[in-house]
Each structure stands twice: as C-alpha cells, then as structure tokens.
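Reader: Hi! I'm new to this one, could you walk me through it?
Author: Happy to, let's look at it together.

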Amino acid sequence: MDEQKLGELFRDAARDAPPPSFDVDGVRSASARATARRRSAIALGSTLALVLVFGGVVATSGLMQNSTGETAAAGSAEDASSPNVTPFSTAEPEMLPKDASPDRSGGNPPKSIPDDPSTQGDEPSGSADRPPVGSAQRGCVEVDRELAVALADELSVANASQASPPVADCPDGARGASFLVRDGAVYGTVSVVVTPSGLVPGPNVQYKTATTPRGEQLYVLSQPEEGSSVAPFSGELASMAERLAARS
Amino acid sequence: MDQRDEQEFAEYFVARREAVRRTAFLLCGDWHRADDLAQTAFVALHRRWRKVRDKQALDAYVRRTLVRAVIDESRRPWRRERFVDEVPETPSGDGEIADSVATREALVAGLRRVPPRQRAVLVLRFLEGLDVAAAAEALGCSEGTVKSQTSRGLEALREALGDTIEDLRPAS
C-alpha cells in the first residue's frame, strides 16, 4: 500500500469544508468564560475550606473552654493549700460504705456511727455511747444489728442493713430483726426475736424457739405474705433457731 | 493576555484553523462536531498561550488537545459511537466527480467504524503526515504502540470499506 496515495485520499476526504462556525473572537470569549468559571470554582473551594477551618477552630476552642471551665469549677472547690489534689479526692470518703470498718478507712474509728433512720419515733441513734446490744432497753421497735446480721447469714441475705423490726408483738425487753424474703415462689417475712419472757405469735405465723446460752428465749417466726397461707422457710425454722440461739 | 499575545494568537488561529478543522472532521466524521472540537482545542491553547514558551510546539499541543477531546467525547455515554453493519449509501452517478465524492464519503464512513484511538493514529499519520515519533508524542504513547495501532487501524478500515477503495487493498 502506498502511504502517499493514502495521504492523498485522506486529504481529499476533508477537502470540501463548510464555512467555519467560530472565529477568533468566539475563542477569546469562550476562553474568558472558562477562566471565569475556573476562578469562581477556586474562590468557592477556598471559601468552603476557610469556613471548614474556621468552624473547626471555633468548635475546638469551644470544647477547650468547656473543659477548662469544668476544671476551674472543680479546682475552686478544693483546698487552696493542696492544688495537686484531684477533684475526685474530696468526694472519695463519701463513696465508702457507712458501715466501713476502721481498717478500710485507714484511720481511727469514728465516735459516731450513723445508723439506719428509724421510722418508729424512737430516740436518735448514732451514739457510740449507747448501751451494749442485748440490754433489751428499747424493746422490739428497733432493729437489733447483731441479730440482723445473724439472720442475714441464715437467710443468705446480701445486705444486712435492709433489716426491719421484727413482725411480732414483742414484750418489754425483747429485741429482734426481720427480713422480707423469697423462698422459691413463696414470699413472706422471717423474724428473729430474743426475749427474756415469753412471746405470743400472731395468727398465721409459724415459729420455732430455742434457748440462748444466757437463758433467753429465741423465736424464729415466719409470716407469709398477705393473702397467702404458705410461710417461707417453714421447714428450716427449727434448725435456724438452734443456730441463732447458739450465736446469741 | 496583552495586545501582542492576542495578536500572535490571532495570526496562529487564522493560519491553522482550517487544518485543525479538517483533522477534527476526519476524527469525528461530522463538520458540526468538528467545529466544536476544533474550538475546544483553540480555547485550551488561548488559555495557556502565555505559558507556551516554545512556539514551535504549538501544533503538537493543539493536536494533542484535539485528539484527547475526540477520544474523551467518544467515551461519554450520550455520545458513545456505535458501529453499524452497513456502510451508509454512497451517491450514485457516473463520471469522475461522482466517483471522487463516493470515495470521500466511503472513506469518512469507514473511518467512523475504526476505533477512536486507531482512527486518531491513521489521521495523524496520513492526513497530517506525521512520522511515527511525532504521532507518538501527539498521542502520548510509545512508537511501538503507534505502529501497532496503525496496522490495526488500516486493517479495520479495509474491513469497513471492502473493495471500495483500491489503495487500501493489502499488498500481496
């Protein structure tokens, strides 16, 4: 194939060109429009980038101001002589349980141990100088801590501080505690009462007694919930009474 | 651009407009699209006129811009070229003029059936008269690619034209 002839064919094919539809002025104006579009796009992109950067700076400074304000507020509550103490150190003692032992608090035992507030209208508690447990001075209207802890062990109750006064018609000089318990599907209240004299249990209450080493009578009473006739732990009351009496 | 640059551009535009339009026509097969493509190439050149230091390389820049515009346009879905089985009808008539017109239209129609990149190689080599190295520079590819694309392009053109043009018959 002759490349020269092929070239002639190509040139001949493009020979009869119609008049051009554009001139140099059209090219110039199209060039100016394209340049203007390009500049607009660059300006728009720059503005968008500036807005983003400015927004980021404002957001960052706002966050920093918030954190600085919180730190200053926490720091102002601290003792001025101990600026290095973290803000949480002042709140730490309040997080300790109320019945924390002296070993856990790391200091001497406090003189006043707050007790659970009583709703029975008796005298305020919390005095370390109160009479020893077991003096039966206050009767059955107050929770006896020692009996509450012992009963909580027997009933596998996690928090002995949830104890309530015993559900019984206590004579003078009696002391006791009770827990609201669940024995499988059976709900009710199990109480323990230690009394120097006798006790008359109410109706629908199952109970067992045992004698303490001091010669007092210990009653373990199980009262079903209202509307039910089945008392919780009714089969274990005797053994429970024996063990509690031995601990009293 | 200052007045002097504008004057230089106008002179170059006047000198090269028809050649660029013809190249664009053989690349796309349509004079209206050829004008659009040629104007696109000149607008690109006008925007970069001050940056083009080597005025001898203007032709190469315009060619490269033109070929890229044609190939890019052929890839757009709404302008994508479709191949047809039948070559468009050639004008009937007797005499030398009728044969010449038929040959031209057959060549343009056959070129439209050649893939865009191979068509660009053929146009640059046989219309513009570029050698392999210059065509490779205009297309941004290697010389070996230009040679292989030339061979394949001619083969595709022969298949499209059949025996319409004797000069495209392979040498035996």
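This is a predicted model: local features need pLDDT of at least 70, side-chain atom pairs count only at pLDDT 80 or more; totals for chains, interfaces and linings use all residues.

Reader: Okay, and at what angle do α1 and α3 of chain B pack?

Author: The angle is about 30 degrees, and the axes lie 11 Å apart. Here α1 covers residues 3-28 of chain B, and α3 covers residues 58-75. Angles under 35 degrees count as roughly parallel, so α1(B) and α3(B) are roughly parallel to each other.

Reader: Nice. Which residues of α1(B) and α3(B) meet?

Author: From α1(B) there are B:Y12, B:R16, B:V20, B:T23, B:A24, B:L27 and B:C28. On the α3(B) side they meet B:L58, B:V62, B:L66 and B:V70. By type, this contact has nine nonpolar residues, one polar and one charged.

Reader: Zooming out, how many helices and strands does chain B have?

Author: Chain B has seven helices and zero strands. As for burial, 33% of its 172 residues count as buried.

Reader: Switching topic: how many residues are in contact between chain A and chain B?

Author: On chain A there are 25, in contact with 27 residues of chain B. Both α1 (3-13) and α2 (24-76) of chain A supply at least two residues each to the side that touches chain B.

Reader: And which element gives the largest share of that side of chain A?

Author: That's α1(A), with nine residues. The side of chain A that touches chain B is made up of 14 nonpolar, five polar and six charged residues.

Conventions. Residues are numbered from 1 along each chain as its sequence is written. Chains are lettered from A and ligands numbered from 1 in the order in which they are written. Helices (H or I, at least four residues) and strands (E, at least two) are DSSP runs, numbered from the N terminus. A residue is buried if 20 or more other C-beta atoms lie within 10 Å of its own, exposed if 12 or fewer, and partly exposed in between; C-beta atoms are placed from the backbone. Two residues are in contact if their C-beta atoms, placed from the backbone, lie within 7 Å. Ala, Val, Leu, Ile, Met, Phe, Trp, Tyr, Cys and Pro count as nonpolar, Asp, Glu, Lys and Arg as charged, and the others, Gly among them, as polar. Axes are lines fitted to C-alpha atoms, for helices over the stretch in contact, and angles run from 0 to 180 degrees between N-to-C directions. Angles under 35 degrees count as roughly parallel, over 145 as roughly antiparallel, 65 to 115 as roughly perpendicular and the rest as oblique.
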